[in-house]
Amino acid sequence: MDTTEELNGTYFYHGHENVLAQELFWLIFLEEFSKHEGLAIETAATILSGWPLIPKKKGLGKSSWGTSVASKMSRRIFKDMHFIEPVETPVGIWKTRWTIRVGTAVGRYVPYVGYVQAMIVFSIVAKETRNKYNLIARPDDRIPWTYF
């Protein structure tokens, strides 16, 4: 048998027998996702390092409940660097604050870089899954993908 073959209305794919069309799609998705595992781990690390997990002393009114590893490290690395003009940075989901410190800005944007990476990884994996699945599947089982 080949690595991909059709058997009595089901598929044979890389050693898996009697695979339905939906199962074939998920097998291909997992295979394509594993090709990008390094980028996915980097993405998860970026997102998690930006979460405010380190407890801090509560300030007056404006202070959030914690700080992140990314914030602590970026403030230490960029200790003496300042912007010429204040920069607006995200704090949480709906709030923003202004800062002139480079380390503060970098620390606050780190999780958002991770979210963008996650969207890019997902779109690449979805595209590769679509192409490979539609190449293997019978015409009746193919997924019509449209461009918006």
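Lys35 and Glu32 both belong to helix H1, three residues apart, which is about one turn of the helix; helices (H or I, at least four residues) and strands (E, at least two) are DSSP runs, numbered from the N terminus. This is a predicted model, in which local features need pLDDT of at least 70 and side-chain atom pairs count only at pLDDT 80 or more, while totals for chains, interfaces and linings use all residues. Residues are numbered from 1 along each chain as its sequence is written, and side-chain values use heavy atoms, with hydrogens and water left out.

The structure as a whole contains four salt bridges, a salt bridge being a side-chain nitrogen of Lys or Arg within 4 Å of a carboxyl oxygen of Asp or Glu. Lys35 and Glu32 form one of them, at 3.3 Å from N to O. Lys35 is exposed, because its relative accessible area is 55%, whereas Glu32, at 4%, is buried. The terms are defined as follows: buried means under 20% relative accessible area, exposed over 50%, and partly exposed in between (1.4 Å probe, protein chains only).

Glu32 also meets Lys132 in a salt bridge, with 4.0 Å between N and O. Lys132 lies in helix H4 and Glu32 in helix H1, so this pair ties together parts of the chain that are 100 residues apart in sequence.

## Aromatic pairs

Five aromatic pairs are present in the structure. Rings of Phe, Tyr and Trp (its six-membered ring) pair if their centres lie within 6.5 Å; planes under 30 degrees apart count as stacked, over 60 as edge-to-face and the rest as tilted. One of the pairs is formed by Phe25 and Trp26, which are edge-to-face at 5.4 Å centre to centre, with 85° between the planes. Phe25 is buried, with a relative accessible area of 17%, while Trp26 is exposed at 51%.

Phe25 also forms an edge-to-face pair with Tyr133, at 5.6 Å centre to centre and 80° between the planes. This pair links distant parts of the chain, with Phe25 in helix H1 (residues 21-35) and Tyr133 in helix H4, 108 residues apart. Both Phe25 and Tyr133 are buried. One aromatic cluster is made up of Phe25, Trp26, Phe29, Phe33 and Tyr133.

Ser68 lies in the loop between strand S5 (66-67) and helix H3 (69-77). Its relative accessibility is 5%, so Ser68 counts as buried. Leaving aside neighbours within four places in sequence, Ser68 is in contact (heavy atoms within 4.5 Å) with Ser49, Gly50, Trp51, Pro52, Leu53, Ile54 and Gly107.

Asn134 is part of helix H4 (residues 102-136) and is buried, with a relative accessible area of 19%. Beyond its neighbours within four places in sequence, Asn134 is in contact with Arg142, Ile143 and Trp145. The C-alpha atoms of Asn134 and Pro144, which are ten residues apart along the chain, are separated by 8.7 Å.
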